[in-house]
Each structure stands twice: as structure tokens, then as C-alpha cells.
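Visitor: I am new to this structure and would like to learn how to read it. Could you take me through it step by step?

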There are 4 protein chains.
Amino acid sequence: MADKMRRWTMDAVGRAQLKLAETAIPRPGNGEILVKVSAVALNYRDKLVIETGFGAELPFPFTPASDLAGIVEAVGPQVSRFRKGDRVISTFVPGWIDGKTSGTARHPAHVTLGGLLQGVLAEYVVLSQDWAVVAPTTLNDAEASTLPVAGLTAWSALVEEGKLAAGQTVVVLGTGGVSLFGLQIAAAHGAQVIVTSGEEEKLARAKSLGAAHGINRKATDWAKAVLDITDGRGADHILEIAGGANLGRSLEACAVGGRISVIGLIEGFEISGGVLPLMLKQVTVRGIIVGHRRALEDLTRAVDRTGIKPVIDAEYDLAALPAALDHLERGPFGKVVVRMR
Amino acid sequence: MADKMRRWTMDAVGRAQLKLAETAIPRPGNGEILVKVSAVALNYRDKLVIETGFGAELPFPFTPASDLAGIVEAVGPQVSRFRKGDRVISTFVPGWIDGKTSGTARHPAHVTLGGLLQGVLAEYVVLSQDWAVVAPTTLNDAEASTLPVAGLTAWSALVEEGKLAAGQTVVVLGTGGVSLFGLQIAAAHGAQVIVTSGEEEKLARAKSLGAAHGINRKATDWAKAVLDITDGRGADHILEIAGGANLGRSLEACAVGGRISVIGLIEGFEISGGVLPLMLKQVTVRGIIVGHRRALEDLTRAVDRTGIKPVIDAEYDLAALPAALDHLERGPFGKVVVRMR
Amino acid sequence: MADKMRRWTMDAVGRAQLKLAETAIPRPGNGEILVKVSAVALNYRDKLVIETGFGAELPFPFTPASDLAGIVEAVGPQVSRFRKGDRVISTFVPGWIDGKTSGTARHPAHVTLGGLLQGVLAEYVVLSQDWAVVAPTTLNDAEASTLPVAGLTAWSALVEEGKLAAGQTVVVLGTGGVSLFGLQIAAAHGAQVIVTSGEEEKLARAKSLGAAHGINRKATDWAKAVLDITDGRGADHILEIAGGANLGRSLEACAVGGRISVIGLIEGFEISGGVLPLMLKQVTVRGIIVGHRRALEDLTRAVDRTGIKPVIDAEYDLAALPAALDHLERGPFGKVVVRMR
Amino acid sequence: MADKMRRWTMDAVGRAQLKLAETAIPRPGNGEILVKVSAVALNYRDKLVIETGFGAELPFPFTPASDLAGIVEAVGPQVSRFRKGDRVISTFVPGWIDGKTSGTARHPAHVTLGGLLQGVLAEYVVLSQDWAVVAPTTLNDAEASTLPVAGLTAWSALVEEGKLAAGQTVVVLGTGGVSLFGLQIAAAHGAQVIVTSGEEEKLARAKSLGAAHGINRKATDWAKAVLDITDGRGADHILEIAGGANLGRSLEACAVGGRISVIGLIEGFEISGGVLPLMLKQVTVRGIIVGHRRALEDLTRAVDRTGIKPVIDAEYDLAALPAALDHLERGPFGKVVVRMR
């Protein structure tokens with residue numbers, strides 16, 4: 001093992017600040033593991049953090065991104081969860097093991113990898129042993145790296161909180177990473193999946209992944225289309241990734257007793273919608289922020305059991321991060337992954 | 001028993017259409033009971049139905065209001081749930097016994113007493129035996145009549161759906177009927193209750209009912225005050241009766257993992273608020289529309305067990321309905337009840 | 001339509017009392033439907049009722065069995081849920097629509113078709129419109145008739161109450177009707193299914209239906225085998241159809257936080273097991289008694305969506321009921337169905 | 001601060017092995033706190049561990065007991081949760097923060113203070129900062145020390161898992177520490193509490209604490225008495241501390257949809273009961289093993305809010321541990337506490 005590694009860092013906010021530095025490989029301390037990183041999945045949030053800081057005080061020099069898959073290269077003292085050679089993925093909210101997040105209304109839990117904490121766009125990363133779980137055995141590294149945020153967000157919304165069941169109808173808005181995981185997780189539970197997109201070609205690809213119906217949201221009112229498809233019954237679960245005034249459409253499309261999981265804010269920081277459908281249909285609107293470690297372990301087992309293969313739109317070499325961010329900007333079909341090799 | 005009775009009816013929408021008619025006492029059919037009405041609690045919704053129709057096609061000549069307490073005067077054939085002499089209260093959504101409401105996204109359940117169905121502002125009313133439950137033994141008729149909508153709405157939000165527990169913090173907005181029930185139910189479960197109002201005198205009365213804190217919402221930012229009172233933790237449950245942009249304040253005031261029950265629309269048909277507090281705190285926003293019969297039976301038992309006494313601001317004779325509606329317009333402290341005597 | 005029909009009746013308890021009588025076709029009353037029966041699925045309980053009365057005071061002359069599929073031939077006055085020509089299946093506990101059952105500790109709900117109430121082994125049956133639901137469109141009549149008890153019991157245990165999720169491990173004991181439904185429902189949700197049986201050939205057939213593992217309970221300790229298969233983790237859900245001391249094995253085989261649904265009493269009226277595994281693993285043991293109508297509607301949707309085909313071991317003509325009961329005695333692989341044709 | 005302290009230790013299993021040693025005061029390491037112990041509440045389990053080892057491999061020289069209240073005297077490096085001077089109580093299952101316990105069917109979580117881990121019967125104890133929570137402000141040290149096991153067990157059974165609500169009926173068997181907490185927690189939520197005991201005088205004391213009814217289990221069949229008191233409805237929650245064949249009585253006494261929390265094993269390692277009441281009433285039987293840290297924090301808030309005062313039957317000086325164990329043997333009314341002073 002060499003003693004130098006490559007690592008993306010920035011000394012200030014802004015994409016122009018990104019540089020691929022050569023630094024010393026860190027050493028794992030008490031209860032820590034050193035991971036040789038193989039793949040890092042990017043999230044739209046990483047782009048926001050790089051370009052704007054996303055409201056967090058970043059620890060400069062700062063390394064972005066949160067989702068890795070790799071091999072445990074060394075373990076520090078008092079490490080009991082892993083051994084050298086274990087294949088692991090990271091957790092997004094360090095220390096959130098199960099149940100409720102910590103934090104308060106005034107200070108919600110907001111310490112995350114690649115946010116307030118250093119991220120993982122490096123050839124080696126040191127993590128607390130509590131911040132990692134064993135990777136699924138049926139996925140390659142690039143695929144496995146997409147679980148910690150995109151996979152777990154969809155799983156938390158639909159399964160951990162949503163108690164999804166066969167025969168229910170699930171609507172996923174768009175074809176980004178979380179939405180396609182939503183599609184695949186819902187299909188694996190025997191649910192009927194409806195996908196919306198502005199592009200017919202993406203709808204066709206979504207159907208090949210198991211969606212029963214595609215709605216071109218540029219050609220039609222998607223909420224009315226959901227009512228038509230479900231014979232007026234509405235959708236039991238909606239993955240609301242857009243937010244903003246789109247919540248109003250989700251409230252229209254939602255079934256009696258249905259659930260809308262708010263997982264994104266593409267349309268801005270303010271959501272709005274009609275109060276009558278919310279009340280008359282007794283809809284549950286639930287904010288979701290990724291999920292806890294136990295749910296990530298459940299998801300890992302489900303992936304290995306059902307054969308779900310995460311959808312990766314493109315892989316980029318570590319040095320090609322800027323191109324990967326451009327791809328993210330264009331709106332990928334599924335995930336964009338950076339590979340160390 | 002006479003064969004004529006008094007009954008408020010209207011032949012068209014509008015308060016000027018209200019008239020106190022004398023009509024034949026109805027006879028109970030198969031599975032029906034005849035109730036000699038003793039008290040009818042009014043809800044703000046009754047005022048909206050009388051003045052605007054509230055979107056429903058009313059069956060003219062139409063009798064408004066939904067919440068009665070009275071005595072079973074006679075039973076029709078095949079009635080097994082009640083006997084002559086039983087003291088009963090009505091249910092708001094006929095036929096909703098337990099679990100989910102019926103209805104679909106296109107046609108949510110909206111058939112209610114005093115809405116699409118005939119109401120109860122009459123000396124005698126015929127109900128299906130399935131639309132009534134035994135009245136609590138510790139309440140007089142006027143008090144008992146307030147349970148079917150105001151009491152049950154607060155109970156459904158906090159207990160049936162909200163799983164309220166001792167030590168939690170509950171915020172009730174205002175001092176109307178539902179809010180005061182929320183206060184009393186929360187206090188009976190060992191919760192800390194915070195009440196908001198624009199009038200100091202109402203805050204004082206709320207404290208005498210068991211509220212731990214009062215916030216004058218005209219003098220201060222109520223959401224910030226909730227954070228101060230809870231040392232930054234926020235409220236576990238908020239009874240959101242205002243709606244509109246006030247939802248944004250509720251999202252600010254809500255604890256991590258907290259719940260906002262949307263039960264009213266005083267501020268209009270559109271709700272809005274920040275998506276970040278919703279997501280970061282993983283808040284649940286839930287529309288509530290009164291509740292089912294089993295929950296009303298649970299509430300009845302809870303009232304008898306805990307000694308909760310519903311707060312009645314004023315009682316009016318049947319003939320004084322217009323004055324009662326004026327009182328409703330002014331914003332009562334608790335409930336307004338019409339008495340037959 | 002003729003005015004006579006065939007119907008199995010008994011004037012006293014005991015299999016020798018069964019006779020195939022010719023009686024008048026009944027007429028539907030208020031709120032009732034007349035169903036031309038096409039298929040009746042038998043349950044082991046029907047055999048117990050016929051041979052012992054099973055503790056119920058039967059209304060002689062009594063017709064056994066509870067689960068039918070058929071066509072609505074005529075509707076009585078005030079019927080709104082169905083029209084002539086609709087294809088329906090029956091519900092087991094009449095009037096249990098959603099939520100909790102009615103009844104008390106002293107008098108639990110025990111009024112069921114083919115129990116205290118008349119059963120359905122006849123060419124025509126009159127039912128309350130509330131006691132039927134629309135049949136799944138993807139099943140033939142024989143298949144559809146197996147849903148009301150066997151299908152719904154497995155669904156209630158695993159989905160309605162158990163909140164089954166992909167990646168979990170489900171153990172079904174034996175290969176009777178409920179167990180095979182449990183297998184198929186679990187597989188349709190992406191779960192890993194383990195089946196036990198005393199016959200290798202049945203294990204092979206169960207695997208062809210989607211079971212991941214089969215355990216020959218005569219050749220091995222099934223609870224230990226479950227621990228081996230799951231690498232010591234245990235089963236998340238166990239369909240405990242045997243009862244008796246077998247509960248002790250289920251407690252051993254159960255995962256931390258797992259659930260044992262007690263759905264049968266083959267091994268007698270007393271259950272027993274170790275308290276330490278119950279406590280240390282925080283296991284939930286839950287009694288299940290079929291389920292409510294809303295869950296049957298959910299199951300119907302799930303069947304149509306996932307393509308589950310109920311397993312029918314044999315079909316018998318109406319007149320061949322005694323042979324069908326003999327088959328039940330031998331322990332069928334899946335269901336035994338009586339056909340009217 | 002001195003550098004020597006007194007501490008109970010044993011070099012082998014057996015009460016005769018207990019000795020009050022003088023040892024060095026330990027120093028807190030990374031992430032650890034040093035607690036000056038003020039009070040230690042004893043549990044019946046401590047007696048079993050001292051006398052039999054209770055199946056665990058004890059780390060000799062071994063210090064028994066798990067529940068302390070005290071003051072943080074010093075903090076080690078990287079401690080963020082506490083400061084010198086904070087008043088704290090311990091957690092029973094170290095590292096169980098929220099949600100499910102860790103562990104598997106083969107190896108359930110069983111590492112507890114005063115079990116596999118060193119206990120707290122000492123003047124000073126070092127704990128991981130994650131194994132303590134802030135003590136309630138309204139309790140003195142002796143009272144506060146009773147929360148970690150007895151208080152939390154009752155809270156987990158009734159509130160965290162049981163979702164107790166006002167108006168429900170709760171049965172607590174006996175008047176030991178867990179049962180009296182169950183009584184007080186249930187009463188604080190507006191529930192009706194029924195207590196059983198073999199001594200009239202204890203029943204009278206239980207009533208003065210808020211029990212609505214007392215049943216002398218030596219004079220009457222307690223399950224039948226519960227049915228009589230509840231007018232045949234049965235109990236919604238039963239704290240089953242006896243186990244053994246008593247589970248059968250609990251199943252009889254339980255309401256439709258009720259819950260039996262199995263929290264003790266006084267009557268042996270095997271439980272048994274009737275399967276028909278379990279199934280017909282759809283009862284939930286749930287094993288409970290104390291609870292997690294988040295629930296202990298919830299309980300602490302509830303205690304401070306409701307004014308619950310734990311019932312302490314007697315306090316003993318540290319040196320008087322043998323007398324305290326004798327008291328435990330006799331069956332205290334509430335808790336037995338050891339005080340350091």
C-alpha cells in the first residue's frame with residue numbers, strides 16, 4: 001500500500017475551487033476503519049454543496065460527496081464490526097442507527113458526510129466503524145455505492161415508513177436515482193408503478209425496468225392521468241421529489257389514506273397545495289431525509305434477495321469529476337458514479 | 001308522544017331561508033331508531049353549509065347540523081344495538097365504523113349528517129342504528145352533544161392517529177371547540193399543552209383548563225415562542241386549525257419526528273410552508289376529517305374515565321338558532337349548543 | 001332460472017347426517033343479493049363443524065362451509081354495492097368491514113358463515129350485500145373461492161398486521177391452503193420463504209412455487225434448520241399453524257423483533273413455549289382469525305396485480321362432498337374445492 | 001476527591017462471595033464519564049445474578065446491579081453529551097439507542113450492566129457517555145435510580161410499544177417495582193388500572209396510588225374478576241410479570257385486540273395458555289426486555305411533566321446490601337434502593 005493518495009478538495013465554495021490533490025493516506029484511529037474506495041455515487045445535493053455550500057459551514061480544505069463502496073484496508077484499535085477485506089458501503093447520517101434522528105427543532109440533525117463532515121471523493125477514507133455496513137453481495141462496487149442515499153431514501157419512504165404492500169399503486173416523479181430505486185423497490189413488492197417524465201424515451205426505459213405505466217408530464221396533466229389509470233382510486237404512495245406547487249398535484253393524485261413522501265426540493269423551498277384533498281382523503285405528507293443504518297441493512301438484504309440492480313447512467317474516472325457534475329446537471333436516468341481504478 | 005315536532009328547514013341556501021317548521025314526527029324503519037333530541041352542538045361548518053351550501057347538493061327542504069344527544073324514543077324492526085330509553089349521540093360520517101373511510105380520490109367519502117344527508121336540528125330525528133353510540137354517563141346532554149365532531153376530531157388527531165403520550169408537548173391553535181378538546185385530551189394523557197390566542201383573557205381561561213402555557217399570537221411570533229418554551233425541542237403534536245400560510249409556522253414549531261394534524265381551513269383552501277423543516281425534521285402532516293365510530297366509542301370511555309367536561313360557551317333554545325349562529329360568527333370559547341326543551 | 005336447487009344440509013352434528021337436499025331457491029330481501037354459486041372452497045374447520053359442531057349451536061337444518069365464488073343472480077331492494085351479473089366472493093366474518101372486530105372478552109365475535117350462520121354448500125345462496133366483495137379478475141371461480149379464508153388469513157398475518165417487506169425471511173409450516181398462500185404472498189413481496197413438511201415431494205412442489213428452502217421436519221429439527229439457513233438471524237415472520245408445543249420451536253426460530261402469527265390449532269387447544277426467547281428477542285405472538293373485508297379487497301387487488309394463482313389440490317362435484325372431506329382428512333397440498341356445474 | 005472507593009465485588013457466584021472491597025477510583029477514558037454514584041436501585045434479576053449467575057459468564061471480580069443515579073464527577077476526552085456536575089441515570093442495555101435491539105436469534109443482545117458487563121454497586125462508576133441520560137429534575141436520587149429498569153420496562157410495554165390511551169383498562173399483576181410503575185404510568189395517561197395482589201393491605205396502598213380496582217388473587221379468580229369489573233370487555237393491556245401458566249389467565253382476561261406484555265418469569269421458563277382466546281380475540285403477546293435510551297428520555301420527560309413519584313419501599317446503606325437483598329426476597333411494595341452517603 002502506497003502512502004499517498006488522490007483526493008478532490010476545495011478551499012472555498014464554488015466549482016472552480018475543485019482540485020485533485022495528492023495527500024497522505026490517513027490512518028484509522030480508535031474504532032475507525034480505513035476504506036480503499038472503489039466507487040462514489042454522486043447526488044444532486046453534492047452539486048449544490050460544491051457550488052453553493054448548501055447552507056453548511058464546510059471544513060476547508062473540503063472533500064465532497066457521501067456515498068462510497070470499497071474494501072476495508074485496515075482497522076484501528078477496538079474495531080469489532082469489520083475486518084480487513086470486508087466490502088462496505090457508507091452511511092449518510094453518521095451515528096443514526098435506528099429509530100428517530102437526534103437533533104431538535106432548533107438544531108435538526110444535519111451533520112452528514114460531504115456536508116458538515118468531510119466527504120469521500122478520495123482513494124482512501126477513514127470512517128467510524130459505526131458509519132458503514134456490509135455491502136450487498138449481488139452488486140458490483142459502482143452499483144453498491146448508490147444505496148446509501150438514493151436507494152435508502154426510496155426504501156425509507158416506501159417501506160420503512162410507508163409499509164408498502166403488493167397491489168398498491170406507487171407514483172414516482174421523474175427518472176433520477178431516487179425515483180428509479182422507488183420504481184424497482186415498489187415492483188419488487190408487487191406494487192403497480194406509474195412513472196412520470198418529460199421524455200418518452202425515458203418512459204420506455206422505465207417500463208422495461210418494471211413500471212406498469214408512464215405519463216408524459218409535458219403532454220398531459222399527470223395527476224389526472226393517475227386518476228384515470230387507477231380508475232379514480234388514486235395512488236397509495238407518491239415519491240414527491242419536485243416539491244413546490246407540485247405538491248398540489250400530488251395531493252390530487254393521492255388515494256384515500258394515501259401517503260406522499262417529500263424527498264426533494266427541485267421546485268424551491270416552499271411547498272403548497274389544496275387543503276381539501278389533504279383533509280377529505282386523510283392524506284399523510286411525510287418529510288424524508290435518507291434514513292438510518294438499520295434500514296440500510298434491510299435494504300441490502302432486500303437487494304440481495306430480489307435481484308434489484310441499481311440503474312447507473314454513466315461512470316466517470318476520478319479525474320473526470322467535472323464531466324460527472326455536468327452529467328448530473330443534465331438530469332441522468334438513474335445514477336452517476338465516479339470510479340477509482 | 002305528540003305527532004308533530006319543530007324542525008329547522010331551508011328550501012334554498014342562505015341564512016334568510018331558515019325557518020322553524022312544524023312537521024310530522026318521523027317513524028323509524030328497518031334497522032332505524034327514533035331519537036328525541038335534547039341537544040345539538042353547532043360547528044362552524046354548519047354555518048358554512050347554511051350560508052353557502054359548502055359545495056354539497058343539499059336535499060331541500062334541508063335541516064342543518066350533525067351533532068345530537070338524545071334519548072331513543074322508539075326502535076324499528078331488526079334493531080339490535082339500542083333499546084327505547086337508551087341515551088345516544090350521533091356519528092358524523094354515517095357508516096364509517098372503523099379503519100379507513102370508504103371513497104376514492106375522485107369521490108372521497110363526503111356523505112355526512114347535515115351535509116348531503118339531512119341534519120338534526122329538530123325535536124325528533126330518525127337514524128340508522130349504526131349511526132349512533134351510547135352517550136357518556138358523566139356528561140349532561142349539552143356536553144355529550146359536542147363529542148361527535150369537535151371531540152372526535154381532536155381525539156382522532158392526537159390519540160387514534162397521533163399516539164399521544166405523557167411528557168409530549170401539544171400545541172393547540174386558538175380556543176374553539178376542537179382546540180379546547182385537544183387541550184383537555186392532551187392534558188388527560190399527561191402532555192404539556194401550549195395554547196395560542198389573540199386574547200389574554202382566553203389564554204387565562206385555557207390555563208385554568210390545564211394548559212401549561214399560553215401564547216398571545218398577536219403580541220409575539222407563536223412558532224418562536226413554542227421553541228422558547230420547549231427549550232428548542234419543538235412541539236410533538238400541533239392541531240393546525242388555521243391552515244393557509246400558518247402551516248409554515250407549524251412546520252417551524254414542530255419537533256423532530258413531530259406531527260401536524262390539519263383539521264381546519266380558516267385561512268383558505270391553499271396551505272403552504274417550508275420544505276426544509278418538513279424534510280430535516282421528518283415531520284408528518286396529516287389531514288383529519290373527524291373520525292370513525294369505534295374511535296368515538298373510545299373517546300366516550302375516555303371522557304367517562306378521566307372526567308373531561310366539554311367547554312360550552314353558551315346554550316340557546318331551538319328557536320334562537322340565529323343568535324347561536326351569530327355567536328359562532330364571533331368565535332366562541334369552546335362550543336355553542338342548541339337545546340330542545 | 002329454476003325454482004329448486006340442491007343444498008347440503010344436516011339435522012344434527014355428525015358426518016352421517018349430511019344429505020344433499022332439494023330445496024326452494026331463496027329470494028333476496030332488503031339489502032341482500034342472491035348468488036348463483038360456482039365454487040366452494042373447503043377449510044379444515046368445516047370438517048370440524050360437520051363432525052363435532054366445533055362448539056357452536058348450529059341452526060338446523062344446517063348447511064356447512066363459508067367460502068364461495070359465484071355470480072350475482074338477483075338483488076333485493078336497497079342494494080347499492082352490486083348488480084346482477086357481478087362476480088363475487090364471500091366474507092367469512094359478516095359485518096367486519098375494517099379495523100377491530102366487534103365483540104368482547106366474554107363474547108368474542110364468532111358469528112361466521114357455516115358456523116353460527118348458515119353456510120354456502122348450495123347452488124344458490126342469499127347474502128347481505130355487505131358480506132361480499134368483487135372477485136379478482138385474474139382467477140377462475142375455483143381459485144377465487146379460496147381467498148375468503150385461506151388467502152385472507154395469510155394476508156392478514158403477513159401484510160395487514162405483519163407489514164412484510166422484501167428481504168425478510170418467512171417460515172410457513174406445512175403445505176396446506178393457508179401455508180401455500182403465505183408462501184406465494186411472501187414471495188410476491190420479495191421475501192425469502194422457508195417451507196417445512198414431512199414429505200420431500202411436497203417440499204419440491206413448494207420450491208417450484210417460489211420457496212427458497214424446504215425443511216423436512218421429520219428428518220431434522222426445523223427450528224435449528226431455520227437458524228442455519230438464516231446464518232443465525234432467525235425468521236422475521238412465522239405462520240404458526242400447528243400450535244401446541246410447536247410454538248416453542250417457533251419462538252426458537254424467530255428473529256429479534258420477529259413475529260409469530262398463530263393461525264391454527266392442529267396440535268390442540270393449549271400452546272406453550274420458552275419465555276426467554278420471547279423476552280430476549282422481543283418477539284410478537286399474534287392471534288389471527290381470518291381478517292376484515294377491506295383486507296380481502298386489498299388481497300384481491302394484490303392477486304390481480306402479482307399474478308398469484310391459488311393452489312388447488314383437487315376439485316369435486318357438489319355431490320362428491322364426502323370424498324372432498326376425505327381428501328381434507330389426508331392433508332391436501334393447497335386447497336380442496338367443491339364445484340357446482 | 002479521594003482516590004479510593006468502596007465497591008461490592010464477588011470472585012465467584014453465590015451470595016456468600018459478596019464482599020465490600022476498597023479499590024481505586026477509576027479514570028474515564030475516551031468518550032467516558034466518571035459518575036459519583038448516589039443511589040442504586042435493585043432488581044430481582046440482580047439477586048438471581050448474584051445467587052446463580054443467571055446464565056451469564058460474569059467478569060470476576062464482578063460488581064452486581066445496573067441502575068444508578070449520580071453526578072458526573074469527571075469527563076474523559078471527546079465527551080460531548082455531558083459536563084462535570086450533570087445529574088445522570090444509567091441505561092440497562094449499553095448502546096441500544098433507539099429502534100430494534102441488535103443481536104440475532106442465535107445471539108440476542110444480552111450484554112447488560114451488572115450482567116456480562118460490570119455493574120454499578122460502587123461509589124464511583126465509569127460509563128460510556130452513550131450509556132447515560134440526564135436524570136429527571138423532579139425526582140431525588142433514590143427515586144431517579146429506579147427508572148432505568150423498572151420504570152422503563154413498564155413504559156416500553158405500555159407506551160412505547162403499547163400505545164396506551166385514556167379510557168383503556170390496564171391490569172398490573174402484583175405490586176413490585178415494574179407493576180407499580182405500570183400503575184402510575186397508566187393512571188397518568190387517563191387509563192383505568194386494576195391491580196392484583198395476595199395481600200389486602202397492598203391493594204389498599206395501590207388504590208391510594210391511583211388504581212381504580214384491586215383484586216385479591218388468593219381470594220378470587222383474578223381473570224374472572226377482571227371480566228366482571230370491565231363488564232365483560234376485558235383488559236386492553238396486561239403487564240404479565242408472572243409468566244408460566246398464568247399467561248393462560250391473562251389470555252382469558254384480555255380484551256378483543258388487547259395486548260399482553262410478558263416482562264417476567266416468576267413462574268418459570270415455560271409459558272402456556274389457551275390458543276382459542278389468543279386467536280378469537282386477536283390478542284398480541286409481546287416479550288419486553290427493558291427498552292432503549294430514547295424511550296428512557298421520553299419516560300424522564302413524562303415523569304417531570306406528570307409528577308409521578310416512584311414508590312420506594314426501603315433504602316439501605318451501601319454496606320447493608322445483604323439486608324436489601326433479603327428485602328427483595330420478601331417481595332417489596334415498589335423498589336428497594338441502596339444509597340451511598
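Guide: Let us start with pairing: two strands pair if DSSP finds at least two bridges between them, and helices (H or I, at least four residues) and strands (E, at least two) are DSSP runs numbered from the N terminus. Strand S13 (residues 270–274) of chain A is joined to S13(B) by 5 bridges, and these strands run antiparallel. Within this pair, A:Gly274 has B:Glu270 as its bridge partner in S13(B).

Visitor: Before we go on, what kind of model is this, and how are its parts named?

Guide: This is a predicted model, in which local features need pLDDT of at least 70 and side-chain atom pairs count only at pLDDT 80 or more, while totals for chains, interfaces and linings use all residues. Residues are numbered from 1 along each chain as its sequence is written, and chains are lettered from A and ligands numbered from 1 in the order in which they are written.

Visitor: By what turn and what shift can chain B be laid on chain A?

Guide: In general, two copies of a chain are related by a rotation about an axis and a shift along it. Here copies are superposed by least squares on the C-alpha atoms of residues with pLDDT of at least 70 in both, and chain B can be laid on chain A with an RMSD of 0.0 Å by a turn of 180 degrees and a shift of 0.0 Å along the axis. The two copies are thus related as by a two-fold rotation axis. Of the residues of chain B, B:Ser272 comes closest to that axis, with its C-alpha at 2.1 Å.

Visitor: In what order do the strands of the open sheet lie?

Guide: Strands of a sheet pair through backbone hydrogen bonds, either parallel or antiparallel. The open sheet has 12 strands with mixed pairing, in the order S10(A)-S9(A)-S8(A)-S11(A)-S12(A)-S14(A)-S14(B)-S12(B)-S11(B)-S8(B)-S9(B)-S10(B). Strand S10 (213–216) of chain A and strand S10 (213–216) of chain B stand at the edges, each with a single partner strand, so one side of each is left without a neighbour in the sheet. As a parallel example, strand S8 (residues 169–173) of chain B is joined by 5 bridges to strand S9 (residues 192–197) of chain B, and the bridge partner of B:Leu173 in S9(B) is B:Thr196.

Visitor: Which backbone angles deserve a second look?

Guide: Most residues other than glycine have a negative phi, and most peptide bonds are trans. The peptide bond from C:Phe60 to C:Pro61 is cis, with omega near -10 degrees, and C:Pro61 has its place in the loop between helix H1 (44–52) and strand S4 (67–75) of chain C. C:Phe54 is found in the loop between H1 and S4 of chain C, and its phi is near 55 degrees, a positive value in a residue other than glycine.
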